[in-house]
Amino acid sequence: MSDSGRKPPRLRATRGTSGNGRADRRGTAKGGAAGTGKKPAAAKPAARRPAQRARRPARRRGFVGNLFAFLWRIVWGFTWRVSLIVALLIGGGVIYYYSTLQAMDELLDGRPRGSVTMLDRDGAVFAWRGAQFGGAVTADSVSPHLKHAVIATEDKRFYRHPGVDPIGIAGAIRINLSEGRGPLEGHGGSTITQQAAKLLCLGNRYDSAVHESEAAYEASCRETTLWRKLREALYAMAMEARYSKDDILSIYLNRAYMGGGAYGAEAAAQRFFGKPAAAVDPGEAAMLAGLLTAPTALAPTTNLQRSQDRAAVVVRLMEDQGYLTSAQAQEALAEPAVLSGAAEARAGGYFADWLMSSTPEYLTRDTTEDVVIRTTLDQRIQKAAEAALADVFETRVREGSEAQAAIVVMSADGAVRGMVGGRKQRVSGVFNRATQANRQTGSAFKPFVYATALELGWRHDDIVTDEPITIEVPGSRPWSPENYSDDFYGPVTLTEALARSLNIPAVKISEEVGRENVRSVAAEFGLVSDLADGPALALGASESTLLEMTGAYAGILNGGSAVTPYGIVDLRLRGEDEALIDNLGGGIRERVIREEAARELIYMMEKVVSEGTGGRARLEGREAAGKTGTTQAARDAWFVGFTADYVAGVWMGYDDNTPLTGVTGGGLPAEIWRETMLRVHEGTEPRPLPMLRPAPRPEPQPRTAGQEAPRDVGQTVLEQVLQDIFGGGTR
């Protein structure tokens, strides 16, 4: 019968087996003998000893390994827990900043203030002021050369990092330490994303309740502390999570300040090259990208050579990184970018500075909007004045002279067409001698003495005697005026006295018609500076600006009505049709003298140019009138005059009041005036002056006491005393 299905016999310990199941050495031997009938071979101790020796080193390695394993478990446990906490903190910071980010198109215009765009009388842009923004661009819409130039110079691993570049940071720290600076001083190793985060001020906006001032706010946005850098890194990573790489680059290209008042690539391209950012070539792109390092110092409007040198560095970087071929790089280096003619002109110069200073701050210097100003400037006339001044100083003034000059050209209604405030041209923010320098007017003031007399009934052919006189001035020494030539001409007509710029007749007339009347007429014509009180008033002892003097002469040309010089036609917000302000009260104002008196005075002033001291201002084939002026010791020299079309004033002197050498108003100032007016009137038909054209009188007769001109009822006792001193027949 088969045994299948039987349970196997239960195992029992043999006699040679110990109770714990392990065979006794002796029992095992006996069992072996009983089963075979043979005596078992004795175990060799040599086989046991090596096994024991092998186990001892194993025990030693296990102890050291266990120690290291124990320490590793402690370190690893601490590390992963700390790393987890740090990761959670970073993640939390990124999530927080992510939640605060705005839509990308809301982040493109980051200017602290608005801009001012100035248009000339023909509607062409001639000047920019403030924070100019040319319009939003994207990384795809700008020239590829500009995109590559920015990446090459600012962040060559831009498309390969998550917003923070550890390699770049390490390299920046190494450079800073090698140059003896702190690790965070100098090179920052910031990525384009981090720079965009800084431009966004980590999402913080200016709040007057929180920040002491806008300057303090901007300073806080530029902090470089370690804590600030950490927050900047978190914000950058949040931006990387929210926006695409090209979106981030677009934010950077629109918000970065690029010098010359231009914010963003479009404004900079228009400002410096007169073209859109989409059209810049490699050299221009390199110059724009180079500005990002130090926009104010490297702006081509500040220092073109320095800007070109920086652009050359960027071109080489573009070549090294494969963005330009060798041929393209060599071409860009051989022909570096330059300012366009329009860009040079758009500095605006003295005229733009004058407008900015004479317009309410909230509409210009402190505007938060983009403002467009239509002005009276005629760029052709502006260039004519600049060229005339440069020509005279180059050809007729000794080399190295530090003498200065200024020019103002305006229409008869006070609309300023051109302004030169000094020999240095195409500048901004410098001293403007046309509007800021108060200088003694000298004999250029005399037309207002004669204007007063003509208004009170005197005639151009009345006689006044040029002779020595002494005037008693209360509270001062007696005063004896002298002519420039130290000669006396006896009886002369008013016209002759003005044409020769005789001092004594002017003083006599001023005293007889009344100083207060002269002061009143001059002030009403626009000479608002503090006018002298004494008899020297008639000789131009008072001070005035060139702009005021030119405006006063414009009042004579227009028939005797005062004008307020102005440069603004209207001011409006960009995109708006309705003007916020017009010319700020400029233009023709009230009448000062009768039109007949003005026409007679113009006739007298024409003789100054055609027959008198202003001969060097004569314009062949065109009538001109004006007056020379030279102050004591020749510290100031003037010529102010007009044609039927324009009024122009010229001043010349030294800023420190050093006397001019060999210069009078009838000399270089008259020549500058002539050169200016020749260029201003180029291509225009001559027009006659609106002046009296009297029939010649056979013999001018002096007035007798009974034929005195009408006097103002406010005549003072002092005037009556002077009348008695001089007699009725001397004026």
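**Across the sheet**

Author: Start with helix 15 (residues 349-358), which lies across strand 1 (115-119), strand 2, strand 5 and strand 13 and runs at about 50° to strand 2. Axes are lines fitted to C-alpha atoms, for helices over the stretch in contact (heavy atoms within 4.5 Å), with angles from 0 to 180 degrees between N-to-C directions. Helices (H or I, at least four residues) and strands (E, at least two) are DSSP runs, numbered from the N terminus. This is a predicted model: local features need pLDDT of at least 70, side-chain atom pairs count only at pLDDT 80 or more, and totals for chains, interfaces and linings use all residues. Residues are numbered from 1 along each chain as its sequence is written, and side-chain values use heavy atoms, leaving out hydrogens and water.

Reader: What order do the strands of the open sheet have?

Author: The order is 2-1-5-13, four strands with mixed pairing; strands pair if DSSP finds at least two bridges between them. Strand 2 (125-130) and strand 13 (568-573) are the edges, each pairing on one side only.

Reader: How many bridges join strand 5 to strand 13?

Author: Five, and the two strands run antiparallel. Arg-374 stands opposite Asp-570 in strand 13.

Reader: New topic. How many residues of helix 22 are buried?

Author: Twelve of 16, so helix 22 is largely enclosed by the rest of the structure. Buried means under 20% relative accessible area with a 1.4 Å probe, protein chains only. Among the buried ones are Glu-600, Tyr-603 and Lys-607.

Reader: Which strands do they pack against?

Author: Strand 15 (625-630) and strand 16 (636-642), and helices including helix 17 (446-455).

Definitions and conventions:
Buried < 20%, exposed > 50% of the residue type's maximum accessible area, 1.4 Å probe, protein only.
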